[in-house]
Amino acid sequence: MNTSKTASASAPSEVKERILETASRLFYSQGVRAVGVDLVAEQADVAKTSIYRHFGTKDDLIAAFLQREDEDFWQCWGDVHKRHANDAAAELDAHFQWIGERVARPNYRGCPQINVAAEFPDQDHPAREVAYKHKHELRRRLKDIAVRLDAKRPDELAGQLAVLINGAFVSSQMFFDGEATALLTATAHALLAAAKA
């Protein structure tokens, strides 16, 4: 296999996307630290120099992987928000529906942002910055829903809902088959009832 020839035959944007697609799959399934640049190059069928040309460093590739996951998550969130823009309760239920479905997938290995943050304790690591922004954006959006639901303490409810969602992400293996969505929704309803009491 002549990787440099294969890479040069493709447009730079195609090569970059293939590298990112491959790295994302490997990072998510095996863990970021366990996957080296050599494996990404081999699986993407590119020369290792192509990875450094498009991403600079492995850390930059990790950050690009997390950014891609971030965009996918917020695309799902945004689609739900658009469908329920005038009904915050229905929006919250719909979010827990797709989140419950996500954590119930057989190949689900948890939230990529949480996974990477756990692997890299350095607060200045570029991937941790992406993870930090993602989690704060989650809480901000949950606060927006809490305000629209007339919660007495919307910050507190947003924090509780964020803990519930992140707890589901790291505890997916504890759910029985078909249980996740119903359990998450029932817990969210209990939190909302307490927030309005």
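Residue E129 is partly exposed, with a relative accessible area of 42%; this class lies between buried, under 20% relative accessible area, and exposed, over 50% (1.4 Å probe, protein chains only). The structure is a predicted model, in which local features need pLDDT of at least 70 and side-chain atom pairs count only at pLDDT 80 or more, whereas totals for chains, interfaces and linings use all residues. Residues are numbered from 1 along each chain as its sequence is written, and side-chain values use heavy atoms, with hydrogens and water left out.

E129 belongs to helix 8, which comprises residues 126-148. Together with D59, D60, D122 and D124, E129 forms a negative surface patch.

The protein chain contains 10 helices and zero strands, helices being DSSP runs of H or I with at least four residues and strands runs of E with at least two, numbered from the N terminus. The C-alpha trace spans about 65 × 35 × 30 Å along its principal axes. Of the 197 residues, 44% are buried. Among contacts (heavy atoms within 4.5 Å) with a separation of 6 or more, 68% involve residues 24 or more positions apart.

The mean positions of the 25 positive charges (Lys and Arg) and 28 negative charges (Asp and Glu) lie 1 Å apart, with His and the chain ends not counted. Each charge is placed at NZ of Lys, CZ of Arg, CG of Asp or CD of Glu.

Note on methods:
Patches are made of residues with over 30% relative accessible area and no salt bridge: like charges are joined within 9 Å, nonpolar side chains (Val, Leu, Ile, Met, Phe, Trp, Tyr) within 5 Å. Accessible areas come from the Shrake-Rupley method with a 1.4 Å probe; for residues, only the protein chains shown count as cover. A salt bridge is a side-chain nitrogen of Lys or Arg within 4 Å of a carboxyl oxygen of Asp or Glu.
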